[in-house]
Amino acid sequence: MSILETDKLTKYFGETHAVDHVDFTVTEGEVLALIGSNGAGKTTLVNLISGLVPPDSGTILFQGADITAASIHKKIGLGIARSFQLVNLFDQLTTLDNVALALFSRDGKTRKLLTLSDADTAVRDEAVGILQQFGLDARARMVAGGLSQGERKLLDVAVAYALRPKLLFLDEPTSGVSTREKAPIMDIITSVVRSGKITAVIIEHDMDVVFTYCPRIVAMHQGAILADGTPEQIRNNEQVTANLLGTQTHP
Amino acid sequence: MNAFPAPPRRVTITALLALLALLLVPFAVPPYQTVLLSYGLVFAIAALGFNLLLGYTGLLSFGHSAYFGVGAYAVAFIVKYLKIESMEVFIVGGILASALVAALFGFLCVRYIRIFFGILTLALSQVLWSLTYKFFWYTGGSDGLRVPTPHLLGGAIRMATGAAEDKLGFLSHSYYYYVLAFFVICVAVMWVIVHSPFGKALQAIRDNETRAEFVGVQVWRYRWVAFVISGVFTGLAGALWVPLNGLTTPDIMHWTFSGEMVFFTVLGGFQTFFGPVIGAIVFNYLKTFAVGYTVYWQMFLGVVLVVLVLVLPSGIVGTANRLALRLRRAPAT
Amino acid sequence: MDTLLIHILNSLLYASVLFLIAGGLSLIYGVMRIVNMAHGNLYAFGAYTSAWAVGRVLGNAPSASPALYALLPVGAVAAAGLGALLEPTLLRPLYKRAEEYQLLITFGLLLILEDLMRLIWGPYPLSVSALYEGLGSLSIGESIYPTYNLAVIVVGGAAAAGLWAFVYRTQFGVVLRATSQNMRMASALGVNVNRVYVQAFTLGCFMAGLGGAIVVPQQGAVLGMGPDALILAFVVVVIGGLGSLEGALIGALMVGVVRELGITFFPEIELAVLYLMAAIVLLIRPAGLLGRA
């Protein structure tokens, strides 16, 4: 059952075909990696689908419904969420409040202005639970701006996860983090995604991470999909190795 | 910013002590001082409203004098056209009028990008000022409109006679407690609002509007609501101010008064809840003191503002908090 | 027919001055992403400085020699100098901080400059009407029209052309545009961003000061002209779009026309009519007609 389908999705930035008539399908429940060198169109594709940037042409179907022109708010409501490559958090709110806000929003409670947010124990308990899943509960009362880079990356994902989405886009969840921190982060993410039965699309540059955690890999190049298959297939694909291996950072 | 926010218990104790002190003021100081403090409390209510936008939503308005003025002129119009002198009617009128104008102006302002929000609010308030100035057959033009001292609680409390000492007595006792009651209510209501889920959503918008959008918060809608609430608090302050002043003129709609609101909020510290309250009260004394000394009052404000931004951006209360935190941590070393 | 021509000329006159002020504001925003709340005061500073300089030289002489017209732009230079002083001292420390701080500090600057001008030049307007009358007037049909106004229009047009050439045809202009589009990349390519910033800011202040300098023979220099000009410049930029010189030109022309119509038909609420137009544009296109947010 496909949860997401794009049909000839296109975005130009001036002369550049950032995303060029892309047909992209995601099956419900799968975990896939979106790879490609810088400028290949991965982030733009995610931006188009998540609603940050409007497409020039093409359609996006989510669970069969056309969401091409839907607002970000609508897409969130339908169950699409994303994290960000350059961490986007509410830096002056506590770690707990970052997650709690997502929960309040999800439950439509952000309209309440005459009740104290701390009084909502259900939300607070759920937020603490999510922080525990992400290993961040020790930092619950710390202001998000004070977290380490690895913790911030995790919190960024946690906030998106708190929306309990059906489809979650993760934009380079391990970028900017030291190599030995990457595996724990990915372990948490994959366990959370699996237990929540969330379909996940992960943009990644680190090929070790990609081959270890993602059963399906979609490679993009110059705005189009170059290859789509299992790690084995991708490893043996000449076009992929020719165009993308230059982004490897290990010796 | 502190890594760990201050515990609420210390705040509650300080607030209760402050309230006790405020209750005792009319018995401790001459009537003139009590009235002066009333002005401070009124500006503090305006500051609470203003800071909902600045400190909590991240929107710097240079046009808040519009709502203060609308609240004040609503009172004047109620007296002039409806011949009513009930403070409660004044309050309701002030709130309704400022809500309406804030809803309209807010609708225009929050749609625009943040950095031009400031000038847009300034521009709109200047339009209002110029209209108030020009349509003098309604507004009394530069002479303004006089407003007699109203009665309180539906007539239950009123001045004994119109004599000056009676008026001063009324303003420094009954009216002072009336203003104080509203001040306490406003503080309590605003405290709940900023600590509510809505308040958290506003802060999220302040910190990162893109992420707020991606968490499902419809940014411009929430900004608009914050704008209206902010305008209502400021309009209420305007309504409470008029009986103290006895008169309302277009001056309070002019951008210079908006600038004063910005100033006292930053002076007190816009990143804290009580900062603007303290800033407004301190500013009131500062202005009363300094205006007698120099005609270059604006330059003085400007210089202090520049110094605050460069050197003490967290204002009086913010800096005091930082110092207190450092003192608390010191023994650990 | 000649009334129409006069209305057109008046609109162009107004547009010329507005273009200089708004263009400066927009240029500064386009390159540096900052809004200078005191921008209108630089216009006022230019007006006052020019009026004072000309007044000193003129003394009590009733007529104006041609050389005095050449002195007029001294206000622009003064404003530019002030800008060159202000950017490194007051603005640069705040680039890394939240936007509110720039707005607050430039607002503080607005307050300081307002009173500073009063301190230096007193509370009464300065006038150099001798320069205004010095160029005489033309007949347009049955009416007479001051020649000076035409000179302002010419200067405005020349400034627009000169600015366009500067931004699109010079090496500095290339650097300016590169920095405004992508500051980090420009810096990585070796551009001295600090220097570009102070140069852009100085240029923007020069434009505002020039606007003040050329308008002062017609209007005189009066306290309060700064914030009023800021608001009008802002309306221009709302309509034309932020960060776009072409937008500032179009916005200035539109505001010039609407204001002229407003003064003729709705003199009481001409300001409100301008705002109505700005509000309508905002509702339809929040980024302005040619803007890029």
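**Close-up views of a predicted model**

Ala33(A) sits across from Ile202(A), a residue of S8(A). This is a predicted model, in which local features need pLDDT of at least 70 and side-chain atom pairs count only at pLDDT 80 or more, while totals for chains, interfaces and linings use all residues. Residues are numbered from 1 along each chain as its sequence is written, and chains are lettered from A and ligands numbered from 1 in the order in which they are written.

**View 1. Strand S3 of chain A and its parallel partners.** Strand S3(A), residues 31–35, runs parallel to strand S8(A), residues 199–203, and four bridges join them. Strands here are DSSP runs (E, at least two residues), as are helices (H or I, at least four residues), and both are numbered from the N terminus. Two strands pair if DSSP finds at least two bridges between them. S3(A) is also joined by four bridges to strand S9(A), residues 216–221, again in parallel. Look for Leu32(A), whose bridge partner in S9(A) is Arg216(A).

**View 2. The six-stranded sheet of chain A.** Reading across this open sheet gives the order S6-S7-S8-S3-S9-S10, with mixed pairing. Its edge strands, S6(A) (80–82) and S10(A), each pair on one side only. From one strand to the next, the twist averages 20 degrees. Helix H1(A), residues 42–50, lies across S3, S6, S7 (167–171), S8 and S9 of chain A, and runs at about 145 degrees to S7(A). Axes are lines fitted to C-alpha atoms, for helices over the stretch in contact, with angles from 0 to 180 degrees between N-to-C directions.

**View 3. Where chain B touches chain A.** This contact takes 34 residues from chain A and 24 residues from chain B; residues are in contact if their C-beta atoms, placed from the backbone, lie within 7 Å. On the chain B side, helices H7 (164–194), H8 (197–207) and H9 (209–214) each supply at least two residues. H8(B) gives the largest share of that side, eight residues.

**View 4. Confidence in chain C.** The mean pLDDT of chain C is 85, and 95% of its residues reach 70 or more; pLDDT is the predictor's confidence in each residue, from 0 to 100. Among the elements of chain C, helix H4(C), residues 74–91, has the highest mean pLDDT (94), and helix H13(C), residues 270–284, the lowest (74).

Conventions
Two residues are in contact if their C-beta atoms, placed from the backbone, lie within 7 Å.
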